[in-house]
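Subject: Structure handover

Hello,

Here is the structure for your files. My notes on it follow below.

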Amino acid sequence: MKNNTARDEQNSKIRFITDDMMIVGVDVGSVNHYARAFTNRGIELSRKAYHLTNSSEGFEAFKAWAAGIAKQNGMKFILVGMEPTGHYWINLGKYVTNNGMILAQVNPAAVHKSKELDDNNPSKNDKKDPKVIAGLVKDGRYTMPYMPEGLYAEIRELSNQRSRVAEEMTRVKNRLARWFAIYFPEYLGAFNDTRNISGS
């Protein structure tokens, strides 16, 4: 039953990508991004990987580049696929969704596994990765991220911060418990209440 559901979901995602929709694969980096444009059949429309910086100027230039290729090839929609790499994708992702393009995300593990299909080489490459990402989108192996705005964005960030602090507290407690176990194992009998120190 799960296999049928996954298959139907993937087929639905493939059907979503129509002939008049251009797929742009973006390899996200901390400072620089690289993009390539394709049809829904995997035919490349860009001549080479397009370089853009992680800045408002870079995003504006990217929009103009993508819109130009789409217009030249009679495409009405632009679907931008990228890996959710750390926090580096967020600014470009917001720009994409706020400027009439559609945002899709692909699993980084799937990108890594798919790299060898083109040239039997799993290494990272600024020119190859955008093509791999676009190929995964073309095959329906993507998700549509939820990008909250306003109060909802603040609540989500607050929740993420709380989770990070809770994880860090757990790490600190475990580290303290380890140090006590190594250097002062008698502490459990020396104090009445050691629950916080032992991490329990």
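Helices (H or I, at least four residues) and strands (E, at least two residues) are DSSP runs, numbered from the N terminus. Read along the sequence, the pattern is α-β-β-β-α-β-α-β-α-α-α-α-α-α. That comprises nine helices and five strands.

Two notes on the source. This is a predicted model, where local features need pLDDT of at least 70 and side-chain atom pairs count only at pLDDT 80 or more, while totals for chains, interfaces and linings use all residues. Residues are numbered from 1 along each chain as its sequence is written, and side-chain values use heavy atoms, with hydrogens and water left out.

**Overall**

The protein has 200 residues, and 33% of them count as buried. Buried means under 20% relative accessible area, exposed means over 50%, and partly exposed is in between (1.4 Å probe, protein chains only). The accessible surface is about 12800 Å², with 52% of it belonging to carbon and sulfur atoms. Areas come from the Shrake-Rupley method with a 1.4 Å probe; for residues, only the protein chains shown count as cover. Contact means heavy atoms within 4.5 Å. Of the contacts with a separation of 6 or more, 55% link residues 24 or more positions apart.

**The sheet**

Five strands make an open sheet with mixed pairing, in the order S3-S2-S1-S4-S5. Two strands pair if DSSP finds at least two bridges between them. S3 (50–53) and S5 (102–105) stand at the edges; each has a single partner strand, so one side of each lacks a neighbour in the sheet. From one strand to the next, the twist averages 30 degrees.

S1 (residues 21–27) and S2 (residues 32–38) run antiparallel, joined by five bridges. Gly 25 stands opposite Arg 36 in S2.

Helix H3 (residues 90–98) packs on the sheet and touches S1, S2, S3, S4 (77–82) and S5. Its direction makes about 145 degrees with that of S5. Angles run from 0 to 180 degrees between N-to-C directions, and axes are lines fitted to C-alpha atoms, for helices over the stretch in contact. Helix H6 (residues 128–138) lies across S1, S2 and S4, at about 135 degrees to S1.

**Two residues**

Lys 13 sits in helix H1 (residues 2–16). Is Lys 13 buried or exposed? Lys 13 counts as buried, because its relative accessibility is 17%. Leaving aside neighbours within four places in sequence, Lys 13 contacts Gly 140, Tyr 142 and Thr 143.

Ile 182 belongs to helix H7 (residues 150–183). Ile 182 is partly exposed, at 47% relative accessible area.

Best wishes
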